[in-house]
Amino acid sequence: MVQSSVLGFPRMGVLRDLKKATEAYWADKITQEALIAEGKRLRLAHWKIQKDAGVDIIPSNDFSFYDQVLDHIQLFSAVPERYASQKLNILDEYFALARGRQKAGVDVPSMEMVKWFDSNYHYTKPSFSDSQTFALAQDAKPVREFLEAKEAGFITRPVILGPVSFLALGKTERGHSVEPISLLSKLVPVYVELLKALKAAGADSVQIDEPVLVFDLKPEVKAAFKPAYEAISALGSAAPQVTIATYFGDIVHNIDVVPAFAGLNALHVDLVRNPEQLETVIKALGPNQTLSLGVVDGRNIWKNDFQKSLAIIDSAAQALGKDRIVIATSSSLLHVPHTLASEKKLPEEVYQWFSFAVEKVKEVATLAKAATEGSESVKAELEANAVAQKSRADSKRTNNPEVKERLSKITPDLYNRKSAFETRYAKQRTHLSLPLFPTTTIGSFPQTSEIRIQRNKFTKGEITEEEYDAFIRSEIDYAIKIQDELGLDVYVHGEPERNDMVQYFGERLEGYVFTTHAWVQSYGSRCVRPPIIVGDISRPAPMTVKESKYAASVSKKPMKGMLTGPITCLRWSFPRNDVHQSVQAMQLALALRDEVVDLEKNGIYVIQVDEPALREGLPLRSGKEREAYLDWAVNSFKLSTAGVEDSTQIHSHFCYSEFQDFFHAIAALDADVLSIENSRSDAKLLKVFIDEAYPRHIGPGVYDIHTSRIPPEEEIKQRISEMLQYLRPEQLWVNPDCGLKTRTWEQVKPALANLVSAAKYFREQQ
Ligand code: GLN
Ligand code: ZN
């Protein structure tokens with residue numbers, strides 16, 4: 001029998017129940033016991049969904065209160081001393097690691113959080129010290145959750161992050177020098193202990209994720225697989241059977257690692273992303289090993305094309321025999337929303353094109369049934385599936401001749417500004433009369449509950465458009481009053497009208513559809529509801545001019561217009577999988593170009609086009625594919641911004657400061673000002689800007705907006721002096737790391753006041 005398998009299930013629940021519970025706990029509104037109970041309720045519900053769908057291999061330990069990598073940091077007692085020394089209870093220590101803690105005399109910032117591969121999920125980066133030790137935590141979470149499932153009648157396969165990936169995805173503590181991967185021999189015994197404990201608890205199999213196998217690996221990381229998995233294989237029947245899971249790429253370039261898994265049961269590969277790796281992987285497998293075929297997309301919402309999947313399954317079955325294949329999701333389903341059944345407002349035509357997590361687990365089961373019993377056994381499902389595929393291919397939405405025509409007429413001159421930066425800046429300086437160390441913010445101000453209430457009322461038709469607009473204007477007025485009081489130099493309108501930086505635009509563009517409940521976890525309790533690109537994209541009308549124009553009209557200082565760039569619109573949406581992403585990016589760029597020009601026409605002379613998703617779109621491996629991506633990504637940004645006069649200042653924003661790998665692309669964007677995250681990163685990362693003689697302006701963040709902690713003025717000054725080691729004073733802007741929507745005004749006001757005083761201090765020194 002061909003088994004079906006799911007690599008992980010989303011944690012939030014149908015109505016983002018987990019978000020609500022965790023946030024209530026943080027706000028002291030529910031007890032820790034209540035939060036724990038809610039976690040349990042969700043785990044049981046999610047196991048039941050999978051069991052009812054007929055999935056054979058159901059994951060456990062895929063649940064997390066914040067992030068699965070963070071779970072492993074505690075599981076292996078790899079909590080840095082500054083947190084461990086606080087002697088908090090386990091869950092509070094966990095949240096302190098995740099979000100920092102400023103309470104009852106304790107003041108620790110959060111651990112660094114970074115993107116999970118090329119997704120919009122974020123994980124907490126393990127951080128290792130020179131005297132690092134590891135030990136298995138008491139009451140180990142994978143064992144506890146396995147037992148919990150078992151007690152409820154679910155036989156699950158625990159998911160753990162493998163030792164090589166855990167170390168390779170980590171970093172060295174500030175002030176230490178240990179190479180994370182050199183800690184392997186200390187870490188492996190803890191895995192051995194964990195695997196034995198799982199076996200003793202009754203687990204027959206485990207899924208060990210080693211996703212770093214899709215990267216280009218340093219030799220020492222690559223070499224670590226052999227000793228790690230020899231030690232695990234040596235356990236024989238003292239450990240559960242092991243499936244090594246890889247996803248988000250191919251492993252062909254690391255295929256020589258596969259023999260290190262010779263003593264293990266199975267290997268999982270992502271055949272949605274890289275179906276072409278199948279042949280190579282099959283050849284590398286040992287004679288008795290099983291291959292888990294990741295054919296149901298864990299990263300996108302399209303209904304599986306059964307015909308296509310069955311062709312892949314068939315060729316694998318022919319090579320290996322049916323008893324050596326498993327049908328699986330390509331990755332964890334963490335990256336897709338919970339269920340399509342919650343969507344009541346989707347156009348009927350497109351509804352049938354989608355599958356979310358609940359629907360995908362059924363697809364996996366159906367495909368496994370077809371593989372076991374033949375396609376006749378699922379005839380009705382196959383027919384319905386073929387109808388849906390055809391409806392999409394033939395739809396008007398996916399074939400807009402006007403958009404295609406405009407796209408075909410793009411010429412290279414549309415990518416370039418009129419003059420070089422020096423000429424532009426001279427004009428901008430007089431036009432905007434900016435001081436040294438100009439202060440600004442990244443766009444959004446607190447999204448208060450009042451804003452959400454009014455937006456909800458408007459969406460439900462309980463207030464009129466005029467009433468809603470008046471409310472938005474009053475919010476803008478307030479944001480401007482605060483900026484006046486604070487003495488900022490370049491203002492923003494605060495984005496009160498925006499539910500989300502991509503969704504907002506998606507709702508105003510043709511070619512998109514949006515959902516009501518399709519949330520996916522971004523970090524911790526934060527979820528995003530990506531719109532879906534279903535067809536060719538165009539802009540029926542201006543999208544942001546009304547609010548920006550109003551804001552400019554009531555403001556004494558330059559008002560910064562705020563747009564989301566083409567790559568971010570693409571990456572933070574569910575993209576089409578029927579046309580290349582570069583085509584979608586260029587369609588978006590043309591729509592945004594019109595918006596940029598319209599803003600300028602309406603008196604907005606500073607325009608920020610956010611591209612935080614540029615880096616996560618980078619193909620995971622360097623080389624040709626990466627260069628090709630950067631080429632079209634940069635061109636789409638330039639196409640969207642280059643339509644303005646020299647005296648109009650183009651800003652862009654990135655939520656990180658690690659540009660080393662693709663600095664040439666950042667420079668090629670030719671943005672007049674870049675604001676970037678830096679408060680939680682090393683100021684040394686800014687060195688690349690002098691090394692490469694970067695001429696344009698940069699605002700590295702001095703305020704970590706991810707936590708409620710208020711940065712003291714002295715700390716900000718300290719950061720600015722560090723930055724001045726790498727940047728020229730006339731190049732430096734002073735701003736927070738990112739938008740302030742998740743903060744409260746009580747936090748934002750003092751934090752920005754400190755920021756402005758710190759900037760003034762340096763201004764006076766010059
Ligand atoms: N302008 C956006 C904001 O301030 C930028 C958000 C982001 O970079 N993620 O909210
Ligand atoms: Zn940001």
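This is a predicted model: local features need pLDDT of at least 70, side-chain atom pairs count only at pLDDT 80 or more; totals for chains, interfaces and linings use all residues.
UniProt annotations may be inferred rather than shown by experiment, and their positions are given here in the numbering of this structure, with feature names shortened.

**Entry 1: the annotated site.** I looked up the "binding site" feature, which UniProt, in an unreviewed entry, places at Ile 442, Gly 443, Ser 444, Glu 495 and Asp 610. I then checked how these positions sit in space, and found that they cluster although they are spread over 169 residues of sequence, the largest C-alpha distance being 13.1 Å.

**Entry 2: Ser 444.** I located Ser 444 in the loop that runs between helix 16 (421–432) and helix 17 (449–459). Is Ser 444 buried or exposed? I count it as buried, because 22 C-beta neighbours lie inside 10 Å and the cut-off for a buried residue is 20 or more. Leaving aside neighbours within four places in sequence, I list Gly 494, Glu 495, Gly 739, Leu 740 and Lys 741 as the contacts of Ser 444; one of these, Glu 495, is itself among the positions that UniProt gives for the feature.

**Entry 3: Asp 610.** I found Asp 610 in strand 21, which covers residues 606–610. With 25 C-beta neighbours inside 10 Å, Asp 610 also counts as buried. Again setting aside neighbours within four places in sequence, I noted contacts of Asp 610 with Met 501, Thr 564, Gly 565, Thr 568, Ser 652 and His 653.

Entry 4: I traced an open sheet of eight strands with parallel pairing, in the order 1-14-13-12-11-10-8-2. Strand 1 (3–5) and strand 2 (58–60) stand at its edges with a single partner strand each, so one side of each has no neighbour in the sheet. Neighbouring strands are turned by 30 degrees against each other on average, direction ignored. Within the sheet I followed strand 8 (residues 156–161), which runs parallel to strand 10 (residues 205–209) and is joined to it by three bridges; the bridge partner of Ile 160 in strand 10 is Ile 208. I also noted helix 11 (residues 306–320), which lies across strand 13 (290–296) and strand 14 (325–329) and runs at about 175 degrees to strand 13.

How values were computed: Residues are numbered from 1 along each chain as its sequence is written. Chains are lettered from A and ligands numbered from 1 in the order in which they are written. Two strands pair if DSSP finds at least two bridges between them. Helices (H or I, at least four residues) and strands (E, at least two) are DSSP runs, numbered from the N terminus. Axes are lines fitted to C-alpha atoms, for helices over the stretch in contact, and angles run from 0 to 180 degrees between N-to-C directions. Two residues are in contact if their C-beta atoms, placed from the backbone, lie within 7 Å. A residue is buried if 20 or more other C-beta atoms lie within 10 Å of its own, exposed if 12 or fewer, and partly exposed in between; C-beta atoms are placed from the backbone.
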